[in-house]
Amino acid sequence: MNNRIPFTEIAPTPASSRPRHTDSGIHTRSFSGLYRNLRIGFAGVLFVLFFGTAWLNWNGRQAVLWDLANSKFHIFGATFWPQDFILLSALLIICAFGLFAITVYAGRVWCGYSCPQSTWTWLFMWCEKVTEGDRNQRIKLAAAPWSLNKLGRRTLKHSLWLVIGILTGLTFVGYFTPIRPLAAELFTLQLGGVALFWLLFFTAATYINAGLLREAVCLHMCPYARFQSVMFDKDTLAVAYDPRRGEARGPRKKGSDVQAQGLGDCIDCTLCVQVCPTGIDIRDGLQMACIGCAACIDACDGVMDKMGYARGLIGYKSERSLQGGTTHWLRPRLLGYAAALVVMIAALVVALQLRPMVSLDVIKDRGLFRENALGQIENIYLLKVINKTERTQHYALRLLDADGFTLQGNTALVIPAGEMSELPVSVAMLAERPTSSSQTLSFEISERDDPAIRSVAHSRFVAPLNR
């Protein structure tokens with residue numbers, strides 16, 4: 001019985017024919033095309049959402065704010081508390097399954113078009129092009145000895161990187177600390193120690209990851225790059241080179257008889273390698289370092305247009321299509337992920353709709369019991385009530401199904417929108433002799449004008465059997 005894993009042997013491109021990269025890193029070439037425009041569009045949406053949302057206001061407060069100091073999370077018109085953490089967990093699980101489904105269908109399109117690491121790296125590379133020139137100019141500048149020109153260009157490049165890093169760090173911290181006072185404190189040099197630390201941390205992380213490490217993050221630090229290949233199947237779309245059409249490679253003049261020369265459509269111009277942000281040669285086959293950005297597709301399609309050949313020598317292809325078969329779009333694994341996503345999204349929507357808009361926690365005093373002035377056994381409780389709505393609420397407190405017990409203390413309270421209030425109360429037992437040393441009590445808090453806004457919590461009442 002043969003238990004060997006099937007594989008396809010691919011002859012790699014000889015090192016002598018690969019484009020030269022300098023010791024200072026990978027220098028990508030400028031290009032244009034459909035997928036570049038799509039990536040710029042996705043990046044624009046991401047930047048607007050990330051940098052713009054932090055400055056939005058909603059009902060007099062920041063629209064999206066993870067207020068860790070007060071354990072409140074504001075997302076536009078909703079306020080979430082630690083008790084709602086299960087909803088956040090469900091949202092993260094849904095995002096994970098969505099990523100898995102996208103990977104099964106189209107490989108690493110998340111990495112190529114929406115991943116913050118890739119998006120900020122492309123932005124940093126654009127700054128590099130603006131300050132140091134295109135690919136050949138950057139290679140020459142990197143090899144040249146230090147001069148005022150080189151120093152000026154490098155200083156300007158790193159200055160732009162730092163400005164982007166500071167803005168990124170400020171915005172990120174601004175989702176956890178109100179961004180308007182945070183920005184004012186930054187520009188007046190009055191920033192507190194904790195906020196300053198995190199601002200410097202995320203500034204440095206942005207500068208190092210997108211400016212210095214770049215492809216090393218995707219190759220060696222990103223866990224998704226390590227396990228995403230196990231989600232591929234023969235019908236997964238990935239950026240791929242068609243060797244049946246492209247081989248044998250070789251230069252030629254436009255309009256020459258390639259069949260007579262025994263050549264395929266690949267003219268071996270290596271533009272696909274020169275535009276790759278991770279420096280791989282896609283013609284060597286599917287590789288872990290490929291982030292699916294389709295830069296090589298745009299570059300190759302441009303060459304095919306100039307040569308008068310059909311586009312698609314490099315494109316989004318499945319392993320099955322490369323072998324001459326037909327890609328199966330609907331398959332069990334993909335349908336399974338889609339079904340799981342639908343169920344989980346529906347469950348999350350229902351959970352959000354049924355989420356109680358008032359929370360009640362009952363904490364019993366450490367003392368077991370006491371005797372009041374009337375000779376009744378009393379237990380002391382501390383009630384914590386959270387108003388999860390966006391307006392001030394008037395609540396009433398009572399005991400449910402508690403014959404023989406009376407609630408003492410203030411039973412009416414007013415709580416502003418999104419705030420928590422603590423209410424100490426006592427419960428007295430009316431009977432002279434208890435039937436049990438421990439009984440369950442149910443506390444209910446309800447809105448005065450809207451009984452549907454209610455919550456119930458349980459606690460224990462302790463009494464001595466012998467008096």
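Predicted model: local features only at pLDDT ≥ 70, side-chain atom pairs only at ≥ 80, totals over all residues.

Trainee: How many aromatic pairs does a search of the whole structure find?
Mentor: The search turns up 26 aromatic pairs. Take Phe42 and Tyr113: their ring centres are 6.1 Å apart and the planes sit at 65°, which is over 60, so we call the pair edge-to-face.

Trainee: Which helices do Phe42 and Tyr113 lie in?
Mentor: Phe42 is in helix 1 (residues 34-53) and Tyr113 is in helix 3 (residues 109-113), so the pair ties together parts 71 residues apart in sequence.

Trainee: And is Tyr113 buried or exposed?
Mentor: Tyr113 is buried, because its relative accessible area is 9% and the cut-off is under 20%. Phe42 is partly exposed, at 45%.

Trainee: What about Tyr105 and Trp329?
Mentor: That aromatic pair is tilted, with 6.0 Å centre to centre and 45° between the planes. Tyr105 belongs to helix 2 (residues 85-106), while Trp329 is in the loop between helix 15 (319-322) and helix 16 (332-354), 224 residues apart.

Trainee: Switching topic: which residue has its charged end over the ring of Trp146?
Mentor: Lys150 does, 4.7 Å from the ring centre. Arg39 lies over the face of Trp122, at 4.3 Å from the ring centre.

Trainee: Now the hairpin. How do strand 3 and strand 4 run?
Mentor: Strand 3 (residues 64-67) and strand 4 (residues 72-75) run antiparallel, joined by four bridges. Trp66 has Phe73 as its bridge partner. Four residues lie between the strands, and Ser71 in the turn has a positive phi of about 55°.

How values were computed
Residues numbered from 1 in each chain as written. Heavy atoms only, no water. Pairing = 2+ DSSP bridges. Helix = DSSP H or I, 4+ residues; strand = E, 2+ residues; numbered from the N terminus. Phe/Tyr/Trp six-rings, centres within 6.5 Å; stacked < 30°, edge-to-face > 60°. Buried < 20%, exposed > 50% of the residue type's maximum accessible area, 1.4 Å probe, protein only. Lys NZ or Arg CZ within 6 Å of the ring centre and 35° of its normal.
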